[in-house]
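Please walk through the model below with the sequence at hand.

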2 protein chains.
Amino acid sequence: MPSTENTFPSRDAHRAWLSAQAALPQGFRVGTTRFDFTPKEAPKPSKMTLTLIALDSPTPDFAAVFTKNAFPGAPVLVGRRRLAEPRLGAILINNKISNVCAPGGVEASETVCAAAARLLGLAPTEILPCSTGVIGWGLPVESMVAALPQAAAALAPGSILPAAEGIVTTDLYPKIRYTSVGAGRVVGIAKGAGMIEPNLATMLVYLLTDLVVPRERLREILSRVAGETFNRISIDSDTSTSDTVVAVSSGRVPCPDLAAFEAALRQVCADLAEDVVRNGEGVRHVLRVRVSGAPDAATAVSLGKAIVNAPLFKCAMAGNDPNVGRLVQAIGKHVGATGPALDLSRLRARIGGQEIFADGAFRLNYDKEAALIAHLKSAELYQSKPAADGTFAPPVDYPPHERCVEIEIDLQTGPAGATVLGGDLTHEYVSENADYRS
Amino acid sequence: MPSTENTFPSRDAHRAWLSAQAALPQGFRVGTTRFDFTPKEAPKPSKMTLTLIALDSPTPDFAAVFTKNAFPGAPVLVGRRRLAEPRLGAILINNKISNVCAPGGVEASETVCAAAARLLGLAPTEILPCSTGVIGWGLPVESMVAALPQAAAALAPGSILPAAEGIVTTDLYPKIRYTSVGAGRVVGIAKGAGMIEPNLATMLVYLLTDLVVPRERLREILSRVAGETFNRISIDSDTSTSDTVVAVSSGRVPCPDLAAFEAALRQVCADLAEDVVRNGEGVRHVLRVRVSGAPDAATAVSLGKAIVNAPLFKCAMAGNDPNVGRLVQAIGKHVGATGPALDLSRLRARIGGQEIFADGAFRLNYDKEAALIAHLKSAELYQSKPAADGTFAPPVDYPPHERCVEIEIDLQTGPAGATVLGGDLTHEYVSENADYRS
């Protein structure tokens, strides 16, 4: 799945690499501002970053896919309506508060959009709002409106890095990926499974291109690509109320070939999806499950997700334990529960290239186990170590490498396949999500 | 759900209470033996307990339900065949090795059954075999056959406690529940979500009665009762390859009323199900979710399971954090993903009796939050504390109390409801399943 497999000896090396990815396509500017405010729901002051991604001129060519959570945030409700508008002029993103199920949430989003529109000379309906953060709190509308002029004044072409940094919450590092098609570029940024205060993992992705891609084709391509990339990852099986993926074309560069554009977008999305997993909460091992020989892609995806979401298998991976019993249990649980007439009799399973299961029985020996343990250790991002108070936190704020635990499941029953990415289940995950209060 | 809500100040108090539950119904004897063996898959010696539950005379009146995992263990395959046999004479249970996907597993089970049958004067097909433990290893058939005479010699009427102790693996304590119907008794024991070495959580349950309940009625009743009790709990969403629930009648006491028997069996199963959750791996809070106002029971069960299986909500419970955003997220995720036309607009949610969500918005204030935190703390089984090496283990080997976190979800859209039990997600869970190797 990755276009490259990098190693980063230090945070500085990772930042230099990010900067090299960060050139904005033509026709876009980004600007951010950070400000203090006091939420009405909590007595202590807090900080929020506003991020603007503006087009030099509004475009009809934009697309978005949103969370399937049945309690979507107010910005998702507004965003779905924006898809019917003739043009998009800017995207306005705030972190800290996700504006989900708060009284008056839609009105709050629209008020902030209207203020941004006045500053940018746009119609309010030309602004797409996005929020990520605490669920249940309301937006601090007045503070946001007061801060907007600073974000607008900061708008600049050149690098998307300020936006990549502006949208994060407790992500350990910003995420940027790009690729070129002819003279044009596709650049994407993502906010991953970090937590706010801590609260709910959310994913926001912005994909910008200067290539000419007509609105309807862009929407069709984004829907397909998101289904094959972001919809095939899972950190902890929880679905955010705010997940949003947006693609925007400034239409500045002729697109030689829409198929090439789609391939480029897919690569950027696949890389960002892997970045999101690698920086997932408490993730110490990225698990890449390649399911092949399935009757159809949906079966392959659901089987892959069942594996990366099985808690006991995830714990075994955290412990560098090639516990193949738990892998087989996870497969059997899924097939037993979902009840497809799926033939498991020819199933073959490999981890790190080692065959561990075939013909209905395990294929194990001591040498193979040693090779499996070595594979798991090589894929570990860092070693787990408790602090003096018994809590656990990642010791790095950059990805030391891009290796994965490679799991292959061949059903040998059909022509279809899929790759699914997930993470292990660690003390760092529990600390991030349970240890912040007693 | 519980028939009682006990508190136990000490292990001795809990043991005394267990002993008071433990009288065997007429017509049954139990015997166990513990022995050393060396698995062929691992170089170090190990210990296994064999447990026999024997009828004074074989009965046609027995029933069993088995795991839905698509890779069932060999004893499950054999057990399904035993349901067609005219009589059951004894149940033979081993811990330590689950005999799942090991070459020759069915033959190994049958060989041990044949040896037990010779000792007990039964036909081999009158013995129901059960195994729990490591997945992938083969049974040590010769050692088991050599140990069987000691188990048979130990067979005695009176107390089921030896069997309740014999079937456990790393359960913190044995589990026994009983009730009376007229002059007869229903007694049940369970092996819960402990781990072996550690490997895979499995559940084994044996329900014994001296009441006359004809075979076909017993099977119909067990299927219904298991569906309403054991199928409504989840420790970690993983489904064992060995789960088995067996009900046996010795037919010694006339049954005044089959409906009363069914109610008694349901109570025993509900209590055992709660025991299994309370002693679930790393469980510090038992979560009881009562869903009401659902269009049908299946919808209520699946919604309840989605809540007790949502990792972020489970972590919040572990941290005594009434994080209602994560509860709403879990509901929205499930309804969004499964796509029923379920109306959430009238949903009301309570935790510990406090209303936290109604009419599409949160209902929160400081006083309510304080009450919620107090409720969570009162339901905590013990406080989490790391050992010097950073690992976490439960400090008690008995249940200090039987309180739950009480979560009520009223959909207000229909007449149906269900109660689902689950646990929180803790450092103790991760330690048990990831920290045993590096």
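Axes here are lines fitted to C-alpha atoms, for helices over the stretch in contact, and angles run from 0 to 180 degrees between N-to-C directions. Helices (H or I, at least four residues) and strands (E, at least two) are DSSP runs, numbered from the N terminus. The model is predicted: local features need pLDDT of at least 70 and side-chain atom pairs count only at pLDDT 80 or more, while totals for chains, interfaces and linings use all residues. Residues are numbered from 1 along each chain as its sequence is written, and chains are lettered from A and ligands numbered from 1 in the order in which they are written.

Two packed helices are described by the angle between their axes and the distance between the axes. In chain B, the axes of helix H3 (residues 105-120) and helix H4 (residues 141-154) come within 10 Å and cross at roughly 25°. H3(B) and H4(B) are therefore roughly parallel to each other; angles under 35 degrees count as roughly parallel, over 145 as roughly antiparallel, 65 to 115 as roughly perpendicular and the rest as oblique. H3(B) passes H4(B) in a right-handed crossing, where right-handed is said if the near helix is turned clockwise from the far one by less than a right angle, and left-handed if anticlockwise. Residues that H3(B) brings to this contact include B:Ala108, B:Val112 and B:Leu119, and those from H4(B) include B:Met144, B:Leu148 and B:Ala152. Two residues are in contact if their C-beta atoms, placed from the backbone, lie within 7 Å. By class, the contact of H3(B) with H4(B) has twelve nonpolar residues, one polar and no charged. Ala, Val, Leu, Ile, Met, Phe, Trp, Tyr, Cys and Pro count as nonpolar, Asp, Glu, Lys and Arg as charged, and the others, Gly among them, as polar.

A second pair lies in chain A, where helix H6 (residues 215-228) and helix H7 (residues 258-278) pack at an angle of about 40° with their axes 10 Å apart. H6(A) and H7(A) are therefore oblique to each other, and their crossing is right-handed. A:Arg217, A:Ile221, A:Val225, A:Ala226 and A:Glu228 in H6(A) meet A:Leu258, A:Glu262, A:Leu265, A:Arg266 and A:Cys269 in H7(A). These residues divide into six nonpolar, no polar and four charged.

Chain A as a whole has twelve helices and 16 strands. With 438 residues, a compact globule would have a radius of gyration near 22 Å, and chain A agrees with its 22 Å; the radius is taken over C-alpha atoms, and the globule rule is 2.2 Å times the number of residues to the power 0.38. Buried residues make up 59% of chain A. A residue is buried if 20 or more other C-beta atoms lie within 10 Å of its own, exposed if 12 or fewer, and partly exposed in between, with C-beta atoms placed from the backbone. Among the buried residues of helix H2 (residues 74-82) of chain A are A:Val76, A:Val78 and A:Arg82. The buried residues of H2(A) pack against elements of chain A including helix H3 (105-120) and strand S10 (244-253).

Between the chains, 54 residues of chain A are in contact with 54 residues of chain B. H10(A) gives the largest share of the chain A side, eleven residues. That side has 28 nonpolar, 18 polar and eight charged residues.
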